[in-house]
Amino acid sequence: MTCDRYVIFVVALPRSRTAWLANFLSSDAHAMHEPLSEHGSVEVLARRVDALPPGAAVIADTGAAMFIDEILRTFPNARFCVVTREPRDVKRSIRGMGLSLEGFDKVLAAFERAKTAILKSDRSGFWCDSEKLDHDGTVMALWDWMFEGAANFDHERYSMLRDFRVEAIPERMIAKIRPGALDQLAKAMTRT
């Protein structure tokens, strides 16, 4: 199955502000955060994207790196935004959430391989550092790249979300995060 919709995949390591980005972009696109974790397959995701109403679809998924070859085949018109973050900062953030680093090396290797595959595909387009998502210029440039001037940049929404940090989530919500999430991503990689 192929999905010919205009889809933008945001590919990143965990803890690289993809949830924030998907939330911000949802005002002018059908934005999904971590749908591969929810659906478990690129084919199921493609069917879900095909069923969306007209408009751009943005998929921000830290597991996308594990499925990059299948994503490139299934979504021939997809474009990619790669959000980078220093691996040591990712590890520090994961530890700060009280989560395990088990499987992180496999996730990091898959991310590096995905970056190479995206570059070779000629469908990259936008690369940014997660820390620069706090700066108006980077987010506005990403917005313009994604929507090609078809949607107005929402300064008010950006200002409201700019200072949002997942670290501000109450402890009761952190307890709901599934243990072993990185290990599950690493296991998913071995399926591809």
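## Contacts and overall make-up

Of the contacts in the protein with a separation of 6 or more, 80% are accounted for by residues 24 or more positions apart. The model is a predicted one. The protein contains 10 helices and 5 strands, and 47% of its 192 residues count as buried.

## Nonpolar cores

The largest nonpolar core has 34 residues. Within this core, Phe9, Val49, Ile71, Phe75 and Phe80 have the most contacts. Two or more residues each are given to this core by strand 1 (7–12), strand 3 (57–60) and strand 4 (79–84), and likewise by helix 3 (42–50), helix 4 (68–74), helix 5 (87–96) and helix 6 (104–121). Helix 6 supplies the largest share, 8 residues. Apart from this core lies another, of 19 residues, including Leu21, Cys81, Cys128 and Leu142.

Val49 is one of the residues with the most contacts inside the largest core. Leaving aside residues up to four places away in sequence, Val49 touches Cys3, Arg5, Val7, Met32, Ala57, Ile59 and Phe75. Phe75 is itself listed among the residues with the most contacts in that core.

## Helix 1

Helix 1 spans residues 18–25 and is mostly covered, with 6 of its 8 residues buried. The buried residues of helix 1 are Thr18, Trp20, Leu21, Ala22, Phe24 and Leu25.

## Packing of helix 5 and helix 6

Two packed helices are described by the angle between their axes and by the distance between the axes. For helix 5 and helix 6, the axes come within 12 Å and cross at roughly 140 degrees. Angles over 145 degrees would count as roughly antiparallel; helix 5 and helix 6 are therefore oblique to each other. The crossing in which helix 5 passes helix 6 is right-handed.

On the helix 5 side, the contact is made by Pro87, Val90, Lys91 and Ile94, and on the helix 6 side by Phe104, Asp105 and Leu108. These residues divide into 5 nonpolar, no polar and 2 charged. Asp105, placed in helix 6, counts as exposed because its relative accessibility is 57%, and exposed means over 50%. The C-alpha atoms of Asp105 and Pro87 are separated by 9.6 Å, with the two residues 18 apart along the chain.

Arg85 lies in the loop between strand 4 and helix 5. With a relative accessibility of 18%, Arg85 counts as buried, since the cut-off for this class is under 20%. Residues up to four places away in sequence not being counted, Arg85 touches Leu13, Arg15, Ser16, Val90, Ser93, Ser130 and Glu131. Among these, Val90 also takes part in the contact of helix 5 with helix 6.

## Positive phi values

Most residues other than glycine have a negative phi. Arg15, although not a glycine, has a positive phi of about 65 degrees. Arg15 is found in the loop between strand 1 and helix 1, and Arg15 is one of the residues touched by Arg85.

Glu34 likewise has a positive phi, near 60 degrees, and is a residue other than glycine. Glu34 is found in the loop between strand 2 (30–33) and helix 2 (35–39). Its relative accessibility is 17%, so Glu34 counts as buried.

Definitions and conventions: Residues numbered from 1 in each chain as written. Predicted model: local features only at pLDDT ≥ 70, side-chain atom pairs only at ≥ 80, totals over all residues. Heavy atoms only, no water. Core = buried A, V, L, I, M, F, W, Y, C linked by side-chain atoms within 4.5 Å. Buried < 20%, exposed > 50% of the residue type's maximum accessible area, 1.4 Å probe, protein only. Helix = DSSP H or I, 4+ residues; strand = E, 2+ residues; numbered from the N terminus. Contact = heavy atoms within 4.5 Å. Axes fitted to C-alpha atoms, helices over the stretch in contact; angles between N-to-C directions. Parallel < 35°, antiparallel > 145°, perpendicular 65-115°, else oblique. Left-handed = near helix turned anticlockwise from the far one by under 90°. Nonpolar A, V, L, I, M, F, W, Y, C, P; charged D, E, K, R; others polar.
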